[in-house]
Amino acid sequence: MNTQPAFNFTFPINPMPNEAINLIPFPRQGMSVETVRQELLNLQRSDWRHSEGRLPLHGYFASKAVSDIANEAASMFANTNALAPNAFPSCKKMEQDVVSMALHLLNGNSKSSGSITSGGTESIILSVKAARDKTRASRALRRPNIVVPSSAHPAFDKAAQLLDVAISRVPVDVDWRCHVSAMEQAIDGDTFFIAASAPSLPYGLIDPVSELSEIALKHGIWLHVDACIGGLLAPFVRQTGYPVSDFDFMVRGVRSISTDLHKFGYAAKGASLILYRDKEDHQFQYSHFRNWPKGEYITPTLAGTRSGGPIASAWAVMHFLGEDGYREITKRLMILRDRYLAGFDEMPELTVLGRPELTVLTVISDKVSVFSIADEMRRRNWYMSLVAEPAGIQQTVNLVHESIVDTYLKDLKAAIAFARAQEPDQDFHLQHASRVVTY
Ligand SMILES: Cc1ncc(COP(=O)(O)O)c(C=O)c1O
């Protein structure tokens, strides 16, 4: 098992942009299948194994049976290409089914539509593109810009960069959710898009979507809800009897929703959804070209070739589990989440940030450095997920943590005691908070 070095703030890009790459030749002769397999297993040994429950993010586990069918479907369709629905009608059918089921769950209607993308980032980029182009079709935008809460995912900045629009990040409110009136103040005549998260990744809190919807409708601008984490979780949390704030197409002003199939949809990685209230909006996401010798080329998403693997994986899991299956998983998940909350409650040094409605929990402390705690937790062989502002430790609870929650809480208690004994210098928090690496 690999352990994260204490305070490793080197961003793990491989290679770093300014680093010379070490050129290596292909092996002279091919290896046997057995050797290749062995080499792959060796490589895998350096990875953190999600199944051991020591990763607080990156993995979304429901059961071994779910993982097995997700992986089997991904592998069965790995070499199909959703770019070519005439050659691979299976991909088209599965994509339509997955989109339709998600729209049904999120209160879409018969005019709604959507696409499967490679991940939340692509879904968000496409929502901004569709909104920009749809708005431009009816009015000129001199300085096109979007307004998002400061807690929104960097995918919005990436979208703004790629699409050459400006972005304003508005500081969140005292409850760590989007500050609605400040968002309104940031809107100008060239703002075409505002966004909310359900929930935000740093804080795990659902923004006040209904209030933002009123603003979007009043100003005639697009409201996107980034439900990459919550889209396939929150409806089942609600069905389980827990209250959940409104965030989906039930809210009138919501024009598009991003929701990841590879998070709480439990599909293999590489699958997300971008959904639109109205298929006319969806059309503006597409790219059309015919100025090359091969004729018309139309793609719904950013990709050209799109593997059918992740699409099939999502289709398989949704059919394997059904609504009852997702609900049963979510019931256990919320019981587990409540065990974490009860455990945090017993540690007077920690405060849970805001009132999490779902299963992403962030804890902060004004009594002890969470970075010292994280350091000690790393020494105890836990991968740590940190938040920079405010300094926090995070846990995205999923069922893989069922078997290890008590060990985690016991170690956390010990790590707090250790950190208290450290008495870090006063600047410790500040120095380290500015260098936290999200992942
Ligand atoms: C709220 C939220 N939005 C967007 C994304 C981006 O998704 P992806 O990493 O699949 O591109 C994430 C990823 O964690 C997220 O948590």
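In this predicted model, an oxygen atom of the ligand sits 2.6 Å from an N or O atom in the side chain of threonine 121. That is a polar contact, meaning a pair of N or O atoms within 3.5 Å. Two further ligand oxygen distances fall in this group: 3.3 Å to an N or O atom in the side chain of lysine 263, and 3.4 Å to one in the side chain of aspartate 260. On its own the ligand has 390 Å² of accessible area, and the protein covers 85% of that; the areas come from the Shrake-Rupley method with a 1.4 Å probe.

A word on the numbers. Residues count from 1 along each chain as its sequence is written, and side-chain values use heavy atoms, without hydrogens and water. Local features need pLDDT of at least 70 and side-chain atom pairs 80 or more, while totals for chains, interfaces and linings use all residues.

Now the shell around the ligand. How many residues surround the ligand? There are 14, and the closest are Gly120, Thr121, Asp226, His262 and Lys263. To be near, a residue needs a heavy atom within 4 Å. Helix H4, residues 120-138, gives the most to this shell, with three residues. Helices here are DSSP runs of H or I with at least four residues, numbered from the N terminus. By class, the shell has six nonpolar, five polar and three charged residues. Asp, Glu, Lys and Arg count as charged; Ala, Val, Leu, Ile, Met, Phe, Trp, Tyr, Cys and Pro as nonpolar; the others, Gly among them, as polar.

Technical notes: Polar contact = N/O pair within 3.5 Å; in protein donor to acceptor, adjacent residues only side chain to side chain. Helix = DSSP H or I, 4+ residues; strand = E, 2+ residues; numbered from the N terminus.
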